[in-house]
Amino acid sequence: MCSLFIGLAAVLDHTFRDESLLELAMTHRSRGLSRGHNAGTNERLEFLGDRVLGLVVADMLYHRFPAENEGALARRHAALVRREALADVASRLNLGDFLILAKGDEDLGGRTNPALLADACEAVIGAIYLDGGFDAASGFIRRFWIPLMDKVTEPPKDPKTGLQEWAQKRGLPLPVYETVAADGPDHNPSFTIRVMVQGVPPEVASGPSKRIAAQMAARILLEKLG
């Protein structure tokens with residue numbers, strides 16, 4: 001393993017038996033496409049890591065909040081596995097410094113792109129799971145997700161739900177979401193969503209998916225509404 005990835009393994013606190021897994025976890029799809037293929041990229045590890053993360057977080061929440069119902073646990077779970085949480089962990093690990101990107105993505109700020117960082121974090125979880133098994137992956141997740149869990153005392157309410165309730169309390173029609181733009185390559189898309197509530201100036205936000213962009217737009221509008 002090159003010195004760069006030795007440093008990353010130390011940050012992750014996991015000694016890889018199969019060192020190629022860590023390099024693969026850091027290889028973005030854009031790099032694979034620039035080589036004429038995409039098999040040697042982190043997409044499959046990302047898929048696996050997402051499922052492992054979801055299971056471990058669900059187990060943590062089940063035991064941590066024995067009095068909460070399914071709905072409350074589901075809201076906590078959604079907040080802890082969303083891209084913002086993954087990007088936060090990736091930033092704390094400085095994963096952007098280790099990403100293997102095509103030059104075009106690097107020039108466009110790929111090393112600080114929240115979507116790319118979140119994908120890399122999921123891929124790292126998948127790599128640790130394949131290399132060290134469930135216990136190793138679970139240990140990694142618990143180390144970084146328990147602090148995130150501790151930050152929120154009450155089950156979070158997603159911004160779209162909050163905005164909908166705000167409108168309903170005032171007898172207004174439900175918020176309307178409209179796609180303003182969809183740009184970027186397939187591996188790094190960007191969507192712009194406008195949210196409109198009757199009698200209120202609309203807000204616009206962008207994100208790597210329509211869902212995230214809509215949530216961001218709703219959050220901005222809620223903050224302005226107080």
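Which residues of α9 are buried? In this predicted model, the buried set in α9 is made up of A137, S138, F140, I141, F144, W145, L148 and M149. The helix itself covers residues 134-150, 17 residues in total. At 1.5 Å a residue, a helix of that count should span 24 Å, and the end C-alpha atoms of α9 sit 23 Å apart, so the two values agree. That said, α9 does bend, by about 35°, and the bend falls at F144. A proline, P147, comes within four residues after that point.

Next comes the pair of strands β2 and β3. Strand β2 takes in residues 190-197 and strand β3 residues 200-207. The two run antiparallel, and 6 bridges join them. Together β2 and β3 make a hairpin, with 2 residues between the strands. In the turn, G199 has a positive phi of about 80°. As for side chains, those in a regular strand alternate between the two faces of the sheet.

The UniProt record lists residues 158-226 as "domain: DRBM", in an unreviewed entry. Over that stretch the chain is 39% helix and 35% strand. The end C-alpha atoms of residues 158-226 are 15 Å apart.

Then there is the largest pocket, with a volume of about 520 Å³. Its lining counts 21 residues, and the closest to the pocket centre are A78, A79, L80, R82 and P156. Which helix gives the most to the lining of the largest pocket? That is α5, with 5 residues. Helices α5 (70-81), α6 (83-92), α9 and α11 (210-225) each supply at least two residues of this lining.

A217 is part of helix α11, and it counts as buried because its relative accessibility is 0%. Between A217 and R142 there are 75 residues of separation in sequence, and their C-alpha atoms are 31 Å apart in space. E70 and L12 are 58 residues apart in sequence, with 32 Å from C-alpha to C-alpha.

Finally, a couple of loop residues have a backbone angle to look at. D13 sits in the loop between α1 (3-12) and α2 (20-25). Its phi is near 60°, a positive value in a residue other than glycine. D13 is also exposed, since its relative accessible area is 59%. N94, found in the loop between α6 and α7 (103-107), has a positive phi of about 55° although it is not a glycine. With 43% relative accessibility, N94 counts as partly exposed, because that value falls between the 20% and 50% cut-offs.

Key
Residues numbered from 1 in each chain as written. Predicted model: local features only at pLDDT ≥ 70, side-chain atom pairs only at ≥ 80, totals over all residues. Heavy atoms only, no water. Expected span 1.5 Å × (residues − 1). Bend = angle between axes of the 7 residues up to and from the residue. Buried < 20%, exposed > 50% of the residue type's maximum accessible area, 1.4 Å probe, protein only. Pairing = 2+ DSSP bridges. UniProt positions renumbered as here; feature names shortened; annotations may be inferred. 1 Å grid on protein atoms, 1.4 Å probe; cavity = no way out; pocket = protein on both sides within 12 Å on 5 of 7 lines; lining within 4 Å. Points joined across faces, edges and corners; volume = space filled by probe spheres on them.
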